[in-house]
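Have a look at the model below before you read on.

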Amino acid sequence: MTHALHTRTVTPALAARLALALFALPVLMAPAAAAEGEALFRQQCGTCHSVKRDDGPRAGPSLHGVVGRKAGSAADYEYSDALRKAGITWDTATLERWLTNSNEFLPGSVMNYRQTNDTVRREIIRFLQTSAAD
């Protein structure tokens, strides 16, 4: 059995369509990634934290607007001295370190969380950046 090798000339119109498809792929996949981040947040964090604006604290403070917020500063929650005095602002880098190993990042904090999976951490942080924003 033999197979014939077919060649096709890539026309400018075909090249433009391929480029458009590759450009649009991340946009088309964004809802799936957001859904994955939300599912991971609910699974890993949602028992103790909410991201809704009007939700009060649970076992942990609300994470609505956490990105850009000074650690230990959300109203209506009693933080550990370590968090109140940390002098950090939550951003991608600090959230990454916190979620990797909260007690190693900030000894004396009450929350004990360790996530070794880079993808899980990134998706949770991405969810917090988009869905928990003011």
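Here is a short tour of this model, from its overall build to its cysteines.

This is a predicted model, and its protein chain contains 5 helices and 0 strands.

Of the 134 residues in the protein chain, 34% are buried. The chain's accessible surface is about 9200 Å², and carbon and sulfur atoms hold 57% of that area. Looking at contacts with a separation of 6 or more, 38% are between residues 24 or more positions apart.

**Confidence**

For the protein chain, the mean pLDDT is 81, with 74% of the residues at 70 or more. Among the elements, the lowest mean pLDDT, 62, belongs to helix α1 (residues 12-44), while helix α3 (residues 92-100) has the highest, 97. Residues 23-33 have pLDDT below 50, and this stretch makes 1 contact in the model beyond near neighbours in sequence.

**The cysteines**

How many disulfides does the structure hold? The count is 0.

| Cysteine | Relative accessible area | Setting |
|---|---|---|
| C45 | 11% | buried |
| C48 | 32% | partly exposed |

So C45 counts as buried, because its 11% is under the 20% cut-off. C48, with 32%, is partly exposed.

Note on methods:
Residues are numbered from 1 along each chain as its sequence is written. This is a predicted model: local features need pLDDT of at least 70, side-chain atom pairs count only at pLDDT 80 or more; totals for chains, interfaces and linings use all residues. Side-chain values use heavy atoms; hydrogens and water are left out. Helices (H or I, at least four residues) and strands (E, at least two) are DSSP runs, numbered from the N terminus. Buried means under 20% relative accessible area, exposed over 50%, partly exposed in between (1.4 Å probe, protein chains only). Contact means heavy atoms within 4.5 Å. Accessible areas come from the Shrake-Rupley method with a 1.4 Å probe; for residues, only the protein chains shown count as cover. pLDDT is the predictor's confidence in each residue, from 0 to 100. A disulfide is a pair of cysteine sulfur atoms within 2.5 Å.
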